[in-house]
Amino acid sequence: MTGTDRKSETTIAISLSGGGARAMAFHLGCLRALKAAGILEHTSVLSCVSGGSVIGAIYVTHEGSFESFEKKVRETLRTGFVRPALWTALTSREGLRAAFCRMAIFGRRITSLLLAPLRWSVYGVTAMFGMPTTGRVSPVTPRRLASRTTILAETFDRLLFEGKTLKDIEKRKPKFVAVASELRTGTAFYFSPNESGSWRFGKVNPDSIKVARAVAASAAYPLLLPALDENYIFNKSDGSARNERITLTDGGVYDNRGLAPLWPDRDSAISVKIPKPDVIIACRAGYGLRLGEPTVTLLGRMTASFYTSLDRAQNAALKRLFDLRSAGELQAIVLPYLAQADARLACAPSDLVKREDVDAYPTNFSAMTEEWIERLSKRGEQVTLAVLKEHHPELLNFTI
C-alpha cells in the first residue's frame, strides 16, 4: 500500500491542550513538526482547548502558507493579549458595556444585602403563623451581557479573526473543534463549523457564532475571567427547539487535553458530529509531576484539592487512550509533551531544548519574548519528531 493510500484510509485527529501563550508556542512547534512529516495536511480533526484553541483557530482561519501562519502566531505571541485587551476595554463599546454591567451587578448585590433583614423578617412572620412559604418565586439571576471575557473575544476578533463565523470555516480542513465547559450542567460544550452544542442541551446552528466568541469561551480561565453568559436556540433530537441559557468557561475545566470530542465510542446522534479517529496525536503543554508547598491555609487546601482532582481526571483520560489502543479502537496514539522526561526520548536530537529550560513558563497571555517563543516552539518540534521516530515511524512514512 502506498503512502497516499494509507493517508486516505487513516483518520487522524490532533488535540492541542490548554496552557495560555506557553501552549501556543509549544503547539506551534508541534504543528511545524507534523507539517514537515506530511501529517498535518492529512489531519481530519483539530480539537482544541484554551490556548490551544487560539492557535488552532488561527491555523484554520489563515489563508496563506504555513510559513505565513507561523509568522502570524509569532507576532501574536510577541504582542500578547493583555495590553490589547486593556485597549479594547478603554476604547470600545464593549468595554463600556462591561463597565455598566459590572456596576449593575454590584448594585444588585448591595440592594440584596440591604434588603436581607426585611426578607428574613417576612419569612419569620409567615413561618410563625403557619403560612405556606413553598410558593415563593425564586430570584432570577440576570445575564452578564458583557464582561472581561467578551472584551477578550472582541480583542481576538480585532487582532486575529476579523469577524469570521464558524460557518465561514465550514470547508476548511482539518475540522476545527473548540472545547468549552458548560457550568450549569457540568458538561462539555463543543464549537465546530457544522454544528455546536452539548448532549444535555442539543445542537446549535453555528452560522452566527463568531470564531472569536468560541475561542474566548474555550479560553476563559475561571479564576480571572467570568463565564460567557449566552442564550442559544437548541435543536433537540426529537425535532423540538427551545431557547436555553448557558454559562461557558475554560474547556480545561472539563478536559484540558482536548480529547473529549475524539473518543471513538461517542454517540454523535446526541452530540456534535466529529469523525471517528484512527490515530490521535495529543499535544500537551502542561507541567510535569506536581510537588507543591505544604498547605496550611484554607485557600491553599482548596487550590491543592482542585489541582488534585484535575490531575486525576487528566490521568484517567491518558489511561483511556492507552486502553483504547490496546482494545484495537485506535491504531496509534502520539503524545508530544512539553514536560517529557528528556532521558526517555530515545531519538532526541543533540541540541534538544531541555525540559527544565521551558516547563516553568507561566500559563498566561502576556507578551512573550522572541527567545521564549523560539525555545518553546523548538521544544515542541523536537519532542514531536522524536516521539514519532521512536514509537510510530510508520506515520513518518506518509510522505513516501
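**Entry 1: helix pair.** I looked up α5 and α7 and noted that they are roughly perpendicular to each other, because angles of 65 to 115 degrees count as such. The model is a predicted one. For α5 (residues 82-91) and α7 (residues 148-161), I recorded a packing angle of about 110 degrees and a distance of 9 Å between the axes. I then listed the residues that make the contact: α5 contributes Pro 84, Ala 85, Trp 87, Thr 88 and Ala 89, and α7 contributes Ile 151, Glu 154, Thr 155, Arg 158 and Leu 159. Sorted by class, this contact of α5 with α7 holds six nonpolar, two polar and two charged residues.

**Entry 2: Cys 48.** I located Cys 48 in strand β2, which spans residues 43-49. Setting aside neighbours within four places in sequence, I found Cys 48 in contact with Leu 16, Ser 53, Gly 56, Phe 176, Val 177, Ala 178, Val 179 and Ser 218. I also checked Phe 189: from Cys 48 it is 141 residues away in sequence and 12 Å away in space, C-alpha to C-alpha.

**Entry 3: whole chain.** I counted 12 helices and 10 strands in the protein chain. The radius of gyration is 23 Å, close to the 21 Å that the globule rule gives for 400 residues, so I described the chain as being as compact as a globular protein of that length. Along the principal axes, the C-alpha atoms fill a box of roughly 85 × 50 × 45 Å. I noted that 49% of the 400 residues are buried. Of the contacts with a separation of 6 or more, 76% join residues 24 or more positions apart. The chain exposes about 20100 Å², and I recorded that carbon and sulfur atoms supply 57% of this area.

Definitions and conventions. Residues are numbered from 1 along each chain as its sequence is written. This is a predicted model: local features need pLDDT of at least 70, side-chain atom pairs count only at pLDDT 80 or more; totals for chains, interfaces and linings use all residues. Side-chain values use heavy atoms; hydrogens and water are left out. Axes are lines fitted to C-alpha atoms, for helices over the stretch in contact, and angles run from 0 to 180 degrees between N-to-C directions. Helices (H or I, at least four residues) and strands (E, at least two) are DSSP runs, numbered from the N terminus. Angles under 35 degrees count as roughly parallel, over 145 as roughly antiparallel, 65 to 115 as roughly perpendicular and the rest as oblique. Contact means heavy atoms within 4.5 Å. Ala, Val, Leu, Ile, Met, Phe, Trp, Tyr, Cys and Pro count as nonpolar, Asp, Glu, Lys and Arg as charged, and the others, Gly among them, as polar. The radius of gyration is taken over C-alpha atoms; the globule rule is 2.2 Å times the number of residues to the power 0.38. Buried means under 20% relative accessible area, exposed over 50%, partly exposed in between (1.4 Å probe, protein chains only). Accessible areas come from the Shrake-Rupley method with a 1.4 Å probe; for residues, only the protein chains shown count as cover.
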